[in-house]
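Subject: Handover of a structure for your review

Dear colleague,

Please find below the structure that I am handing over to you. My findings follow it.

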Amino acid sequence: MAKKGWDEFEIGAMLRTFDGKIDNIAGTRQEDRSYSENSSYMASVADWRLIKPVFNKDYCIDCQFCWIYCPDVSIISRDKKLIGVDMDHCKGCGICVEVCPTNPKSLLMFPEQADEETEIASWPKKDEEEA
Amino acid sequence: MSEMKKIKNLKEFSTSADRFEGANLLCPGCAHSIIVREVLNATNDDLVLAASTGCLEVCTAVYPYTSWDASWIHIGFENSSTAVAGAESMYNALKTKGRLKQPDRNPKFVAFGGDGASYDIGFQWISGCMERNHNMMYIVLDNEVYANTGGQRSSSTPIGSSATTSPAGSISYGEKMNKKDMLGIMAAHNIPYAAQVAPNKWKDMVKKIQKGFATQGAVFINAVSPCTTEWKFDPKDTMHITDLATDSLVFPLYEIIEGKEFNITYRPKNVVPVEEYLAAQGRFKHLFRDEYKYLIKEWQERVDANWSYLQRREEAKV
């Protein structure tokens, strides 16, 4: 589509989400679909982000609160387990950190340029006052 | 295919394959997409969707991209309801004539609209769809303002809120009119199901949406959708603001069946003072000035009166 000139579109052209055949969309995971380049899944909004969530799986209890409340479908959850954050589509709003119920939180916001491994190594300890 | 999806807990719910894609252009922390995801994941059936002009439409269909993995249409500001009603009528006609290739797939027909598109501009069209009792669901993403065009007041904007066409200042305290009771009006069409939902109570919401999908006939859903840009709060606080809205009873969660049977579906354990809800948002900041403080008291009285009215209604079963 992008290869065509401005006047070469078909009149009333439909924007297809998928290229290949998908039988059961409701049961097919996003990474298993064959997207056409017209799906916003193929785009990225990573440059919107000033702070990024870092996921520390040591404290995660797989409650899935972050999955349900993520506005950008960026929390990747497979087989009832939280796997990580989709950094191409995360806009860095921080809702996942706010709704995380563990102590200390298993998701925290850090500046975009922060190194993930360093931050996980120096993860805050359990907050005794709240416990 | 048309069996109701079983969702017992959040872990089970999280195995859903989302049909709404990321990299849509909604603001960070927008509640619209949280609501849309909860609705779309509540069923495994095929979906026929429409969206009225508004944030949801302009942000999910920016040419050449689309964020929807389902049949989706946008026509005008006012007629997402009639577009879906038309599709539903066509589907029924083709089914009767036996011209459908897969007649047993039972798609669900859903229209989305903002509060501007529903409370003001598309009001007559929605009313028509509800009156004709099409087998469809209309969902209002109620952010109480025309957020897409820069924050003009709509008939959903509550008293005291500062909007760009009803700004607060030394002379005015902002919006002067009370919020329209849209759910009451729609329930008065005696439609099979009408309900108010909030994204933070996901279980209540999914239950109501599934009930709506299982209902034969028109369904009207009003969903509170805090707007980080126009309500003026930090994007990370979206769920906190929604919690305050439901727990302060500014947005009570209830359902009306056949316009008669009235059920309150969520009773907060600790009712939060309305003042806390107002204080959390920048659009009500001016109410905390001395000359406008009486409005907070009026707010509390109005919310209390409404809550006791709803409880009386539930008790009397009318």
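A residue is called buried here if 20 or more other C-beta atoms lie within 10 Å of its own. The model is predicted, and the points below should be read accordingly.

The largest nonpolar core has 107 residues. Helix 2 of chain B gives this core its largest share, six residues. The members that touch the most other members are A:Cys66, B:Val84, B:Val110, B:Ile139 and B:Ile221. Setting aside residues up to four places away in sequence, B:Val110 touches B:Val39, B:Leu47, B:Leu49, B:Val84, B:Met137 and B:Ile139. Another core, of five residues, lies apart from the largest one; among its members are A:Ala43, A:Val45, B:Ala23 and B:Tyr65.

Turning to the interface, 39 residues of chain A are in contact with 33 residues of chain B. On the side of chain B that touches chain A, helix 1 (10-13), helix 2 (31-40) and helix 9 (238-247) each supply at least two residues. By class, that side of chain B consists of 14 nonpolar, eleven polar and eight charged residues.

Chain A has 131 residues, of which 34% count as buried. Its three helices and four strands follow the order β-α-β-β-α-β-α from the N terminus on. Among the contacts in chain A with a separation of 6 or more, 53% are between residues 24 or more positions apart. The domain assignment divides chain A into domain 1 (1-43) and domain 2 (45-121), and the C-alpha centres of these two domains of chain A lie 28 Å apart.

Finally, helix 11 of chain B covers residues 294-316, 23 residues in total. From its first C-alpha to its last, helix 11 reaches 33 Å, close to the 33 Å expected at 1.5 Å a residue. Just after helix 11 of chain B, B:Lys317 takes a positive phi of about 55°.

With kind regards

How values were computed:
Residues numbered from 1 in each chain as written. Chains lettered and ligands numbered in written order. Predicted model: local features only at pLDDT ≥ 70, side-chain atom pairs only at ≥ 80, totals over all residues. Contact = placed C-beta atoms within 7 Å. Nonpolar A, V, L, I, M, F, W, Y, C, P; charged D, E, K, R; others polar. Expected span 1.5 Å × (residues − 1). Core = buried A, V, L, I, M, F, W, Y, C linked by C-beta atoms within 7 Å. Buried ≥ 20, exposed ≤ 12 C-beta atoms within 10 Å, placed from the backbone. Domains from an automatic or database assignment.
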